[in-house]
Amino acid sequence: MARLAFCQLRTLISSSQRNAWLLASSQRLGTEKYPSQIPSFGCRRTLCISAVQQQEVEPLTGKEQRLLSNIYGGLLNGQRACLAEAITLVESAHPRKRQIALILLQKVLSHHREQEQLNNGKPLAFRVGLSGPPGAGKSTFIEYFGKMLTEQGHKVAVLAVDPSSSTSGGSLLGDKTRMTELSRDMNAYIRPSPTRGTLGGVTRTTNEAILLCESGGYNIVLVETVGVGQSEYAVADMVDMFVLLLPPAGGDELQGIKRGIIEMADLVTITKADGDLLIPARKIQAEYVSALKLLRKRSKTWRPQVIRISAKTGEGIPELWKKMAEFQNTMLASGELLARRRSQQKVWMWNLIQENVLLHFRNHPAVKDQIPLLEQQVLAGVLSPGHAADVLLKAFSESS
Ligand SMILES: Nc1nc2c(ncn2[C@@H]2O[C@H](COP(=O)(O)OP(=O)(O)OP(=O)(O)O)[C@@H](O)[C@H]2O)c(=O)[nH]1
């Protein structure tokens, strides 16, 4: 039965998409269970994952082996150029590059596990998601915060997930010129994370980039996203702590912030609490303190808090970092942080499967041409949504 289901899935998911799935699966299963899947660089027609996963990788050419060794070696030595190259490789949609990227990621994962074991099971890095509406003061904050952390001896990576970059070619988050000083800091690494148009795209490329940054020695990874659309949910599902940054603006400007995303926040931060904005910042803080009391709690041990900061004066930012560290310690002690990471792996796997299967379904020849008409009929109330779905699913299953 399981084998049948697997075969069906295998036909559904194209080979490059399958790679992503294989990676997610191998993380879930743990490579130590499948020693053969930890590839040596000189892999001979290696069965990369396990018999169950049946993904063959063509042998690497000498040039590819050298490339991989250089990237991996440089990455572990903390060379920024190699980290950049590694991220470019995992972001590539080219099927062969994807295969090489998978081998690199397997190496990175097994290195991660070894290091975490040496670290008594404690994660190598603290992953923090930062989200807020356009103009909330995210980049000004990250610039200040990042520099404060590097001065304390931390290595900070910033991945900026820009949901607009793939759809409009535009940029809500702009580029790294937004954080000019931090981008010159040798202990910081800033990188826009392309989204490939979909939520799964955000999840896959950003998750992989996080892993690579951690292998490059970055012990704090900040994942920034604009709080419009769906990307902030994807980001909340890939970090240890999710921080919402809100400007001291009136109700109208904050209307776009959805209740769901406030529920995801482990910390709400009111920005720009200085000068004339200090009084509105206090007011918004009080409003959110009351609002949070009514919301569903995300953790058994951590109670989300609302604090005020100013990236202009620096006020509140050391306290914010203290709160973050308190969160990390509390969640580690209760076991929730590691549990959250584990469940995120599963969410990631299912997001990818769901998205790839749906894409395949929509583009399937037996279904594709019927969709517009059925949608019209559903819109006109001639056909019930359930009936239309049954028609499409039947056409799909009969032709598969
Ligand atoms: N008074 C004051 N202004 C600030 C502060 N932080 C940011 N600003 C201003 O707010 C505006 C937006 O700041 P950004 O840091 O670019 O905001 P952002 O959220 O990164 O904006 P996007 O790039 O559009 O997503 C800029 O004009 C900043 O100078 C602050 O702490 N105090």
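**An enclosed space and a ligand site**

About 60 Å³ of space lies in the largest cavity of this structure, which is a predicted model. Rolling a probe the size of a water molecule over the atoms is a way to show where empty space is left. When the whole structure is searched in this manner, one cavity of 30 Å³ or more is found.

We can now turn to the ligand, which is surrounded by 15 residues, the closest being Lys 138, Ser 139, Thr 140, Asp 274 and Ala 311.

Some individual contacts show how atoms of the ligand and of the protein are placed. Asp 274, one of the closest residues, has an N or O atom in its side chain that lies 2.7 Å from a nitrogen atom of the ligand. Backbone atoms also take part: a polar backbone atom of Gly 137 is 2.9 Å from an oxygen atom of the ligand, and a polar backbone atom of Ala 311 is 2.8 Å from an oxygen atom of the ligand. Taken alone, the ligand would expose 640 Å², and the protein buries 70% of that area.

Technical notes:
Residues are numbered from 1 along each chain as its sequence is written. This is a predicted model: local features need pLDDT of at least 70, side-chain atom pairs count only at pLDDT 80 or more; totals for chains, interfaces and linings use all residues. Side-chain values use heavy atoms; hydrogens and water are left out. A residue is near a molecule or strand if one of its heavy atoms lies within 4 Å of it. A polar contact is a pair of N or O atoms within 3.5 Å; within protein, one must be able to donate a hydrogen and the other to accept it, and residues adjacent in sequence count only if both atoms are side-chain atoms. Accessible areas come from the Shrake-Rupley method with a 1.4 Å probe; for residues, only the protein chains shown count as cover. On a 1 Å grid over the protein atoms alone, a cavity is a set of points where a 1.4 Å probe fits but cannot get out, and a pocket is an open set with protein on both sides within 12 Å along at least five of seven lines; lining residues have an atom within 4 Å of a point. Grid points are joined across faces, edges and corners, and a volume is the space filled by probe spheres set on the points.
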